[in-house]
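Please read it alongside the display below.

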Amino acid sequence: MPVYIYLVIFAIAVAYSFNPVSTVAVAASSITFGLPLAMAAMVGIMCERTGVVNIGIEGTLLTSSFFGFFVAALSQNLIWGLLAAIASGAVTGLLLALLTVSWKMDQIIAGTIVNILATGLTSFFYKQGYSLPAIFPRWSIPGLSEIPFLGRVFFQSGPITYFGLILIFVLYFAIYRTPWGLRTRAVGEYPSSAETSGISVLKLKYTNVIIAGAFGGLTGAYLTLELVGSFDRGFSAGKGFTALAIMIFGRWNPIGALLAAIFFGFAQALANQLMIDGLVNIPGPFINMLPYVLTIVVLAFSAGKVRGPAAAGQPYEREQA
Amino acid sequence: MATLLQVKNLTKSFGSVIANNDISFEVDAGEIVALLGENGAGKSTLVKSVFGLLRPDQGEIYIDGKQMAPGDTAGVIASGVGMVHQHFKLVPVMSVTENIILGDEPKNGIFINIKKAEQTVRALSEKFGLEVDPTAIIEDLPVGTQQRVEILKALSKDVRLLIFDEPTAVLTPQETDELILVIKNLASLGVGVIVITHKLREVMALADRVVVLREGKVVGTTTPKESNESGLAQMMVGRSVVLEVDKGVARPGKAVLSVKGLEVFDDRKLLAVKGVDLEVRSGEILGIAGVEGNGQRELVEAICGMRMREKGEVLVSGLPTKDMHPHAVHEAGVSHIPEDREKHGLVSSYSIADNLILNQFDQEPFARGWFRNMGATRENANLLVKKFDIRTTSAAALASSLSGGNKQKVVIARELSQDLQVLVAAQPTRGVDVGSIEFIHKQLIAARDKGAGVLLVSAELDEIISLSDRIAVMSGGKIVAIVDSKDADRNHIGRLMAGLKE
């Protein structure tokens, strides 16, 4: 792995020496485009690590963007919007947990229900003509933001970006180093081993799926309140599904998924920049296709080769009769 | 000695079936009690009730004289009861240490203190003489070692009563002997032990006291000194049982099944069968002895056309058979009693009658043109249900309504009621009661005497030795030896199974 990192640093350095402006722009956009995908992938990771396949991430993103936008627009307060987004995301998590953990419904169907419900409700209640008071401003971190290249790429971002990045690292350490993570992984791999060790499988599944939903809500807030500043029908545009591909590409590891997401973001940022610089002439729709094409390619090449949590997708029944 | 566990008048039923009927027994500190009984006698239900995984309908459980609340697993664990499960409760992708500390992790701030945990595991494994590498990943360990981890996991919680559920089912004879020493050592340290088993030999070697269960009731309590194997078997089954299989001399003819240089991958794409040559002659039973997971499953599946053959060929009566084409292999005259009858042997949502013609539904007389002949299907079913003593109310009942033994009889009835040259029987008596085992053994010998070549794969070494005419020992994906069953010696075969050189 380190070899790749050196190669990437070398490539950036070369690009920077030829065209510093474009290089910085591409790198910064990679983070901007990649971050929501990375955060959405965390939703998938937290759920699958506990044995719940979540294809309802898309619905969570859509629901939370919707509530984030309209609560912020109606109250003319971004913080209320942020809180509403997180809470509504958690509610979609609760719904998924109810369907899959308590009622033991097929997890793919349960996720589809979340998605359809989100699409239907947000379309039905959508009204034109509302706007946000502002979007979350960029915070330049004193000192750090002055560093050439890195300063612009990492330390001149909005608050949710910082918070999201920190949470991804927190999640990484939590999964691999804490009792919670050990128990979560045990439940995702072999729930009856956890049960016989005195761990409540149902409780842990509920907790994790709801927290994951809240994380998805934060992602929705990022999209509408920090990145775009508006909301439209079908606003999430498949990011929740792309996030699943990123989760697999990153092997259910938060850091892996973050790198994978930045790679996706980079592909899009690069294509954009090439077009802006007039170096290539690709019609816009093709550029916009890029994340979806990459998703297909990544899944085609990694499917079957990587191994996810063994018990993901299976409802857990106690041996009770 | 002090009474550790006391079970009083325990009753537990599932619907109309009474699994445990008014059971009472005791275990003292330092005592090894064997719970002996057939499959379905209620042993597992009983210990699950003791462990709090099930709620008994009636009865009381006392640990150290203190009454336990029904269904309170955490309370039972806190009172010092541990269980070594038959299907290990270990997470395959995690390390030994992680598995042992799961649920009770030593902490350093909010993080797990893995160094300290590893030291604890090391200390524990030295104290009880159970050698294991704390950093090893479970799925890389042999089954015997995994069981050691399972035992250590139980011991890490400071147990005074340890329950073993069918502990030797997956072990080689040598590993079994080691386990017996381990259990005796634990008892000498004052731990009370309950061993659930249906293997008479182990009961005789291990137990201080034997509690025999039949149909949910305690039918007797005895000690190995006061009883013997056939006496225990009689108590267990309720009638006298022939432990020895009665069979005539084999009259082997020409080779009907030849396997040449066969190489097969397992599900993880690792080579599981590493160049096997075999010949089964008509009128003989060739038994394959081996610890499970040494390539037997892959070998059987490759022979029957269910798994890709990487190299080599399989000939039936001299003719090569098609790879990955189970129907064609069946047409060539190979009948197959699969290891996993639920998955490969039956469609449990179909009727017994349909299951009895699963591989010939499209042939005369069960089909007429494009349509099925329900009359012929019914007649065939009624005939076979009678002939093979399948215990059911009707042949139209769903296969899922049958007990394990009767399901197996359906599979055997279907496979043996056709013209066959080769019978491949994988674990034919697994999960089957003693009465059905006797019947199934007779059917296998009858197939042999009618001139079929029988390839028998079983994890039960006793079954292999008593049924086979020749025994091939499989270890690490290879046939390491073929011996005549007349010269078979348990210990010798056990060493070969474990991969030891002579």
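## Basis of the model

The model is predicted; local features need pLDDT of at least 70 and side-chain atom pairs count only at pLDDT 80 or more, while totals for chains, interfaces and linings use all residues. Residues are numbered from 1 along each chain as its sequence is written, and chains are lettered from A and ligands numbered from 1 in the order in which they are written.

Helices (H or I, at least four residues) and strands (E, at least two) are DSSP runs, numbered from the N terminus.

## Contact between the chains

Chain A brings 18 residues into contact with 19 residues of chain B. Two residues are in contact if their C-beta atoms, placed from the backbone, lie within 7 Å. On the side of chain A that touches chain B, α8 (179-189) and α9 (191-196) of chain A each supply at least two residues. The most is given by α8(A), with five residues.

By class, that side of chain A has seven nonpolar, seven polar and four charged residues. Here Ala, Val, Leu, Ile, Met, Phe, Trp, Tyr, Cys and Pro count as nonpolar, Asp, Glu, Lys and Arg as charged, and the others, Gly among them, as polar.

## Crossing of α11 and α13 in chain A

Helices α11 (residues 239-249) and α13 (residues 284-302) of chain A have axes that come within 9 Å and cross at roughly 35°. Axes are lines fitted to C-alpha atoms, for helices over the stretch in contact, and angles run from 0 to 180 degrees between N-to-C directions. The crossing of α11(A) and α13(A) is left-handed, a term used if the near helix is turned anticlockwise from the far one by less than a right angle (right-handed if clockwise).

From α11(A), the residues A:T242, A:A245, A:I248 and A:F249 meet A:P291, A:T295, A:V298, A:L299 and A:S302 of α13(A). The residues of this contact comprise six nonpolar, three polar and no charged.

Helix α7(A) (residues 159-177) has 19 residues and reaches 27 Å from its first C-alpha to its last, close to the 27 Å expected at 1.5 Å a residue. The expected span is 1.5 Å times one less than the number of residues. Which residues of α7(A) are buried? They are A:I160, A:T161, A:G164, A:I168 and A:L171. Seen down the axis of α7(A), the buried residues fall within an arc of 100°, so they line one face of the helix; the arc is that of the directions from the helix axis to the C-beta atoms. An α-helix has 3.6 residues a turn, so residues three or four places apart point the same way. The buried residues of α7(A) pack against α2 (20-49), β2 (156-157), α10 (201-228) and α12 (254-276) of chain A. On the other side of α7(A), A:I166, A:F169 and A:V170 are exposed. A residue is buried if 20 or more other C-beta atoms lie within 10 Å of its own, exposed if 12 or fewer, and partly exposed in between, with C-beta atoms placed from the backbone.

Helix α3(A) (residues 57-75) also has 19 residues, and its reach from first C-alpha to last is 26 Å, close to the 27 Å expected. This helix is mostly covered, with 17 of its 19 residues buried. A:Q76, which follows α3(A), has a positive phi, near 55°.

## Backbone exceptions in chain B

Most residues other than glycine have a negative phi, and most peptide bonds are trans. In chain B, the peptide bond from B:E364 to B:P365 is cis, with omega near -5°. B:P365 is found in the loop between α12 (352-355) and β19 (367-368) of chain B.

B:N9 is not a glycine, yet has a positive phi of about 50°. B:N9 is placed in strand β1 (residues 3-14) of chain B and counts as exposed, with 12 C-beta neighbours inside 10 Å. B:E166, likewise not a glycine, has a positive phi of about 45°. B:E166 is in the loop between β9 (161-165) and α6 (173-188) of chain B and counts as partly exposed, with 18 C-beta neighbours inside 10 Å.

## Two buried positions

B:V7 lies in strand β1 of chain B and, with 23 C-beta neighbours inside 10 Å, counts as buried. Leaving aside neighbours within four places in sequence, B:V7 is in contact with B:I23, B:S24, B:F25, B:V50, B:G59 and B:I61.

A:G250 is in the loop between α11 and α12 of chain A and counts as buried, with 24 C-beta neighbours inside 10 Å. With neighbours within four places in sequence left aside, the contacts of A:G250 are A:A41, A:G256, A:A257, A:L259 and A:A260.
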